[in-house]
Amino acid sequence: MGMNPKQLVGEAAAAHVKDGMIVGLGTGSTAYFAILKIGEMVKNGLKIKGVPTSKQTEELATTLGIPLLPINEVKKIDLTIDGADEFDAHKNLIKGGGAALLREKIIASVTDYYIIITDASKQSEVLGSFALPVEVTPFAKEITLMQLKALGCEATFRKKGGDLLVTDNQNYIADCKFERIPNPVELNLKINQIPGVVENGLFTEMADLIISEDGKGNLIQIS
Ligand code: 5RP
């Protein structure tokens, strides 16, 4: 049996990390393998500083001994490696399956080279298979949900256990199922115009490289 596909793409992305870099560390089960590899490289002498995209990743990186840079000392990030829930051939992404989209998007926005690690099962011709996660401020959450639905989706707040899921930023996640998202650039802007929306999981014109796996152990790169 070959290597776990998530490990394969994770390690391929980690190979881009070089001495002296400030590195954004993504969230999720695929980013996990990249961070694991980076931890190993740090143990072997690599000098980098990491910027975690979630509390979960912060804990993992700390356990692995990866030095971290406090977010308010960050001016620019050389390289970020993160996962995605859905992507298209134009490198548009849906993210936020792990509820970390706000920190992920802030970190992506100051990143020079943004690598997404994923697998072929998450590729679509047109985005919309995965319900789009939208981070919503708790105040008047039902008004915000109504305004999201008015954009043409079915929307529900994500739950964890019996309660509403609360993000690292003390907000909620509305999962918005659109039939198709033919114009993600436009939808991203429309959603972010709703006052109660903090941020949404459409990442357009951000990814520089997608490293994917074809289901048979082969790497696919979209740049
Ligand atoms: C978290 C994310 C993750 O990158 C996304 O959910 C992919 O996770 P996984 O690699 O576990 O499938 O956007 O907010």
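I began with a salt bridge between the side chains of Asp112 and Lys76, 3.0 Å from N to O. I count a salt bridge when a side-chain nitrogen of Lys or Arg is within 4 Å of a carboxyl oxygen of Asp or Glu. The pair links distant parts of the chain, 36 residues apart: Asp112 is in strand β6 (residues 111–117), and Lys76 is in the loop between α3 (55–64) and β3 (77–82). Helices (H or I, at least four residues) and strands (E, at least two) are DSSP runs, numbered from the N terminus. I found 9 salt bridges in the structure.

I noted the basis of these entries: this is a predicted model, in which local features need pLDDT of at least 70 and side-chain atom pairs count only at pLDDT 80 or more, while totals for chains, interfaces and linings use all residues. Residues are numbered from 1 along each chain as its sequence is written, and side-chain values use heavy atoms, with hydrogens and water left out.

Domains. I looked up the division of the protein chain: domain 1 covers 5–120 + 205–222 and domain 2 covers 132–198, with bounds from an automatic or database domain assignment. Their centres, taken over C-alpha atoms, are 24 Å apart.

Interface. I found 14 residues of domain 1 in contact (heavy atoms within 4.5 Å) with 17 residues of domain 2. The two domains bury about 1100 Å² between them, 56% of it on carbon and sulfur atoms; this is the accessible area (1.4 Å probe) lost on putting the two parts together, summed over both. Between domain 1 and domain 2 I counted 0 salt bridges. I counted 6 residue pairs in polar contact there, both residues at pLDDT 80 or more. On the side of domain 1 that touches domain 2, helix α4 (residues 101–109) gives the largest share, 4 residues. A polar contact is a pair of N or O atoms within 3.5 Å; within protein, one must be able to donate a hydrogen and the other to accept it, and residues adjacent in sequence count only if both atoms are side-chain atoms.

Ligand. I listed 17 residues around the ligand (a heavy atom within 4 Å), of which Ser29, Thr30, Asp85, Gly96 and Lys122 come nearest. An N or O atom in the side chain of Asp85 is 2.7 Å from a ligand oxygen. For Thr27, a backbone N or O atom lies 3.0 Å from an oxygen atom of the ligand. For Ala99, I read 3.5 Å from a polar backbone atom to a ligand oxygen.

Backbone. I checked phi, since most residues other than glycine have a negative value. Gln170 has a positive phi near 65° and is in the loop between β10 (163–164) and β11 (172–177). Glu205 has a positive phi of about 50° and is in the loop between β13 (202–203) and β14 (209–213).
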